[in-house]
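Let's take a friendly walk through this structure, from the meeting of two chains down to a single residue. Please have the view open as you read.

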Number of protein chains: 2
Amino acid sequence: MAFMTGLSAFPITPSDANGRVDVSGLRHLLSRLTAATVDSIGLLGSTGSYAYLSREERRRAVETAVEAVDGRCPILVGVGALRTDDAVRLAQDARAIGASMGLLAPVSYTPLLDEEVFEHFGTVSRESGLPLCIYDNPSTTHFRFSTALVARLSELPGIVAVKSPATEAGSTAAHLRELRALVPPSFSLGYSADWNSVEALIAGADVWYSVAGGLFPEECLRMVRAVQRGNAAEARRLDAEMKPLWDLFREFSSLRVIYAAVEVLGLSGTHPPRPILPLSNAARERVAVVLRELKLSQIPQKAVPSLETAEHT
Amino acid sequence: MAFMTGLSAFPITPSDANGRVDVSGLRHLLSRLTAATVDSIGLLGSTGSYAYLSREERRRAVETAVEAVDGRCPILVGVGALRTDDAVRLAQDARAIGASMGLLAPVSYTPLLDEEVFEHFGTVSRESGLPLCIYDNPSTTHFRFSTALVARLSELPGIVAVKSPATEAGSTAAHLRELRALVPPSFSLGYSADWNSVEALIAGADVWYSVAGGLFPEECLRMVRAVQRGNAAEARRLDAEMKPLWDLFREFSSLRVIYAAVEVLGLSGTHPPRPILPLSNAARERVAVVLRELKLSQIPQKAVPSLETAEHT
C-alpha cells in the first residue's frame, strides 16, 4: 500500500430501495473518477452509505469497483460495523477481493471508551491483514479520537493513515502539527469536510477525503494539484468558487446534497437509504441552480453516458 | 395492548462471542422477573444489546421470552435498526411471535432530521401493525425528540407510549408536564436512567423503564409500589439506599455494570458484545462490594437456580 496522498474521491453507492447495489450505476460513477485520474477512491464511505448495506451488498460493491478501477488507483473500502467480528469479516472480504486499504470507523451504539476502540482496531487489523485508515467521523460515530489515541494506533503496523474531520483553518493546522509530531513519518494524515479541506491541504495535510471529489473529481483535483504545486492562492481561488456548493453541504449535509446532485445530473435516480429522505423539491432546485452556476452540470455526454444508456448496453 | 404503567424491567440478553443468544441463560433471567411480577419486560432494549444482534438472534430471543413469560406480563421488544425496511421486518417478527409492543429507537449513522424520524416511525407502525413505544435515548441514537415531535407521533394510532431519558428531578417534572399537555390521555409517558426515575414516577410518570429492574426486580418494584401507594417518602428512602449502584451506573454505564453484576451473581458468564469490553477486575470488585452492601447478592437459591443448574436440567 503506497503512502496515501492527494485526492481521495468518495462516491455514493447507488442502490435500490431494498439496499441492493446498482452495479452499472456504480460503475458509471467510478468511470468519472478513473477518467479524471483521482489519487484514490474511497468506496463505501459514509457517503457510500456503507452502514446501511449488508455484507453481501458491500462485497458486491467492492467486486464492482476492483474490476472497474482495474488497478488504476488504490481503492479504500469502508469496513466499519457495530460488532468487532463483523468488521473483521468485512475487512477480510475487502482484502480478498482486492481492496488496497480499509476505512475503519468506530461505529457505535453504546458509547465506546478509548480502550475499546483501541482493541477494536487492533483486532480488525490483526485478523484481516488489511492496511487500515482510521476513520474519525464524530458526527456519525459519536466517538472522538484524541491525538494520543491516534498516535497509539499509529504504532500498530497495519494502521497506516487517519482521516480526521477538518474544522476551521486555524484549528485544523494546529491539529495537524500536533498529530504530525506524534506519528511515524510513514503515517498519512488526511482530512474530510470539503469546505475546510483545501485549507487543511495548504496547512500540510497529505490527503483530502472528499465527497465532492466523488462526483466532481476534475474540479477537486484542480485544487489539490494547485496546492501540490505550491500555489495556495490559486487553490484558495478555486475553493472560494465552490463556496455555494460548500454552503449547501453545510445546510443540508453533503450526503443529501450529493444524492440530489447525482439526480440533477441524470446520473442515477437512486435515493439515500430510508429513513434518510431525498431533499425536498425546493432544496433540489437550489442544488440544480448551484450546479449550473458553477458549471458543474455540464457532463461530457460522450465520455460519460447516462445511467439509462449504461444499463441497456 | 394495555396502557403501560409501573416497572418495565430490561434484562441483558446473554449471548456468546459470536452473538448467539444463550437461550437458557435468558430464560433464567426472565424467571426472576416473572417471579417478582414486574409490570412488563423490556426485551432487547439497549441493555439487551439489540443493536448488536442479528435478525435471527433477535427472533430467537423473542421466541424464548414469549414462551417463558407465557402471558404473565406484556413483553416489549426492541425493533430498532438503521434501515427502515429492517426495522419493519423486526417489528413484523416481534408481532408474529407474540410481543405486546415494539420499542423503536431512531438508530442513526447519518444524523436524522425530524421529518425522517416521523416517516420512519409511521412506516414501521403501519407496515407491522405492532403497537410502538418511542424509544428516546439520545446517548445511543444521537437523536433528540422534541416534545412537539413526540406529540405529532402520538397522534398516529399505533404509537402508544414514549420512553424518555430522565434528567434531574426538576427538569423531568417540567418535561412530563409539557408532554402530558400535548398527548392523548391514552398515551403512556415513561422514563429511563435509573438514578432519576423514582423522582420521575413521583412527578407523575406512568412507567419506569429500568436496567436495575432487569436484574433486581423486587428492589425496584418496592419503589414503584411505594409511589403508587402515594408514599413518596418511602420511595425516596429506598431510592437513596440504591445510590451506590446508581453511582456505579453513572461512572461506568449501566450496561457495563449490569453485565458485571450478572457475572458477580454467578447468573451467567456472558460478556457485552465486542467492541464493548467487560469492566476491569478492579471495577468489577467495586460492583461486587456494592451488591454485597446493598444485599443484592443474596440470590434465593431455591427460586432462582444458578445458570449451571438451569443449563443441565
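## Where the chains meet

The contact takes in 27 residues of chain A and 28 residues of chain B. On the side of chain A that touches chain B, helix H3 (84-97), helix H4 (114-128) and helix H5 (138-141) of chain A each give two or more residues. H4(A) provides the largest share of that side, five residues. Sorted by class, the chain A residues that touch chain B are 12 nonpolar, nine polar and six charged. Please keep in mind that this is a predicted model.

## A residue of H4(A)

Thr123(A) is found in helix H4 of chain A. Is Thr123(A) buried, exposed or partly exposed? With 17 other C-beta atoms within 10 Å, Thr123(A) is partly exposed, since a buried residue would need 20 or more and an exposed one 12 or fewer. Leaving aside residues up to four places away in sequence, Thr123(A) touches Thr84(A) and Val88(A). Pro14(A) is 109 residues from Thr123(A) in sequence, and their C-alpha atoms are 31 Å apart in space.

## Two sides of H7(A)

Helix H7 of chain A runs over residues 169-180, and its 12 residues reach 16 Å from the first C-alpha to the last, close to the 16 Å expected at 1.5 Å a residue. Which residues of H7(A) are buried, and which exposed residues lie on the face turned away from them? The table sets them out.

| Side of H7(A) | Residues |
|---|---|
| Buried | Thr172(A), His175(A), Leu176(A) |
| Exposed, turned away from the buried side | Gly170(A), Ser171(A), Ala174(A), Arg177(A) |

The buried residues Thr172(A), His175(A) and Leu176(A) cover an arc of only 100° around the axis, so they sit on the same side of H7(A). As a reminder, an α-helix has 3.6 residues a turn, so residues three or four places apart point the same way. The cover over the buried residues of H7(A) includes strand S6 (159-165), strand S7 (188-192) and helix H8 (194-202) of chain A.

## A pair of packed helices

Next, look at helix H11 (residues 243-252) and helix H12 (residues 254-264) of chain A, which pack with their axes 6 Å apart and at an angle of about 120°. That angle makes H11(A) oblique to H12(A). Leu248(A), Phe249(A) and Phe252(A) make the contact from H11(A), while Ser254(A), Arg256(A) and Val257(A) make it from H12(A). By class, the residues in this contact of H11(A) with H12(A) are four nonpolar, one polar and one charged.

Conventions: Residues numbered from 1 in each chain as written. Chains lettered and ligands numbered in written order. Predicted model: local features only at pLDDT ≥ 70, side-chain atom pairs only at ≥ 80, totals over all residues. Axes fitted to C-alpha atoms, helices over the stretch in contact; angles between N-to-C directions. Helix = DSSP H or I, 4+ residues; strand = E, 2+ residues; numbered from the N terminus. Parallel < 35°, antiparallel > 145°, perpendicular 65-115°, else oblique. Contact = placed C-beta atoms within 7 Å. Nonpolar A, V, L, I, M, F, W, Y, C, P; charged D, E, K, R; others polar. Expected span 1.5 Å × (residues − 1). Arc of directions from axis to C-beta.
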